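Dear colleague,

I am passing on the structure below, together with notes on what was found in it. Please have it open beside this email as you read.

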Amino acid sequence: MAREITVGITADELKKKLAAGSYGGGYLFFGDEEYIKDIYRDRFRQLVRSSGMEELNFASLNFALGATFEQLKDEINTLPVMSEYRLVEVSGLNPLSLDKSDEKAFLDAVEQLPDGVILVVRVAAGEIVMDKKTSEKKIVKTLAERLTVVNFTKMPPAKLQKWLDSELKAVGAAMNGQTRQKLCDMTLSDMLVISDRLKVLADYARSQGREEIIESDLSLFVESNRDYEFFLLSDAVFSGSGETAIDIIASLRNKGEEPVGLLAFLERELGSYQVAASGVSAQGALKAAGLPEWKLKKMLYRARGFGKSFFIKAQQLCLDCDRRMKSEGQDNFVLLETLSLQLAALVRRAGARR
């Protein structure tokens, strides 16, 4: 596997840039740490909220939902209204995977941003791996000239522990070193999930008459490393990120998971999305299934983009994959990978929300 190299600035360097009052211009957010991406995205959102004219000074374009480069160009060229800044957020787009015509359209759109317009292009975790070969691509060099490229790498263990200190203080709880390590192991050190689960764990500990979160609490409210990796597979497939799904399948294969079990899991997840899309009873039904709040919210939000035809086609793809696993001599993992790509493509066509 190619060795990753450093391209762009770090989150700490971005923090210094913003602290100096330098907000305008374009940004490309990539890397594995979604939680820190959220923090800096919210910093930019607060700029336009503070003007009291957020509706006119905020635009969100998701290319997985069918946004176009013409729309992007129009939004970029729309000046702030009664505000110092206007924010344009872009998701569902990996600039490094575009064909030549789309690459040109994208680069033309971001060639020059008007004063006061902030552009944030957010690439999902795992979609860009910046190795030597990738860093030498012409589009990478061009983007570095036109946008501030920010690499949100996973937080080093020592720094993660300092962050965990501040999170525990915020929720009024304590946790010993062994429990901390288990929490990080179970969540693959995903800061977004850790932050969400700490609130629940702290409330539970207090209900038991103690301040300390103990190791046995984790099994009640935190999914195991294995379960979380399963969730990542579902999240990749049902957000339209087929390539990410294949990487996760490879990891699960190396850990001894069976393709038939992974197919059954995706079929169950599809069923949950169908419940979520069904209407007013969806939230109650999904809560009854024991979904954690952070997963429930994501599923309900995303399912609004799925219609009846999506579920009919998706179910047929799953049935076809199941039949072929039972009757054909192909590698079942190859069949599972093909299904993941098909479902992800179907999601993109359906216009589901990331």
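Is D217 buried or exposed? With a relative accessibility of 2%, D217 counts as buried, where buried means under 20% relative accessible area, exposed means over 50%, and partly exposed is anything in between, computed with a 1.4 Å probe on protein chains only.

Before the rest, some notes on how to read the values. This is a predicted model, in which local features need pLDDT of at least 70 and side-chain atom pairs count only at pLDDT 80 or more, whereas totals for chains, interfaces and linings use all residues. Residues are numbered from 1 along each chain as its sequence is written, and side-chain values use heavy atoms, with hydrogens and water left out.

Salt bridges

A salt bridge is taken here as a side-chain nitrogen of Lys or Arg within 4 Å of a carboxyl oxygen of Asp or Glu, and by this rule the count comes to 20 salt bridges. D217 takes part in one of them, with R210, at 2.8 Å from N to O; R210, at 24% relative accessibility, is partly exposed.

A salt bridge also joins E33 and K154, whose closest N and O atoms are 3.7 Å apart. E33 lies in the loop between β1 (25-30) and α2 (34-49), and K154 in the loop between β5 (148-151) and α8 (157-171), so this pair ties together parts that are 121 residues apart in sequence. The helices (H or I, at least four residues) and strands (E, at least two) named here are DSSP runs, numbered from the N terminus. E33 is buried, at 1% relative accessible area, while K154 is partly exposed, at 34%.

In the salt bridge between K255 and E229, the distance from N to O is 2.6 Å. This pair links distant parts of the chain, with K255 in the loop between α13 (242-254) and α14 (259-276) and E229 in helix α12 (residues 225-237), 26 residues apart. K255 is exposed, with a relative accessible area of 51%, whereas E229 is buried, at 8%.

On a 1 Å grid over the protein atoms alone, a pocket is an open set of points where a 1.4 Å probe fits, with protein on both sides within 12 Å along at least five of seven lines, and lining residues have an atom within 4 Å of a point. The second largest pocket holds about 440 Å³ of space, the volume being the space filled by probe spheres set on the points, which are joined across faces, edges and corners. Its lining consists of 19 residues, of which A11, D12, I36, M155 and K159 lie nearest the centre of the pocket. At least two lining residues come from each of α1 (11-19), α2 and α8. By class, the lining has 8 nonpolar, 4 polar and 7 charged residues, where Ala, Val, Leu, Ile, Met, Phe, Trp, Tyr, Cys and Pro count as nonpolar, Asp, Glu, Lys and Arg as charged, and the others, Gly among them, as polar.

Cysteines

With a disulfide defined as a pair of cysteine sulfur atoms within 2.5 Å, the count comes to 0 disulfides. C318 is in no disulfide, and the nearest cysteine sulfur, that of C321, is 7.3 Å away, which is too far for a bond. C318 is buried, with a relative accessible area of 3%, and C321 also counts as buried, at 5%.

Helix α5

In helix α5 (residues 100-109), the buried residues are E103, F106, L107 and A109. Seen down the axis of α5, these residues fall within an arc of 160°, so they line one face of the helix; the arc is that of the directions from the helix axis to the C-beta atoms. On the other side of α5, K100, S101 and K104 are exposed.

A backbone detail

M82 has a positive phi of about 50° although it is not a glycine. Most residues other than glycine have a negative phi. M82 lies in the loop between α4 (69-76) and β3 (86-91) and counts as exposed, at 69% relative accessibility.
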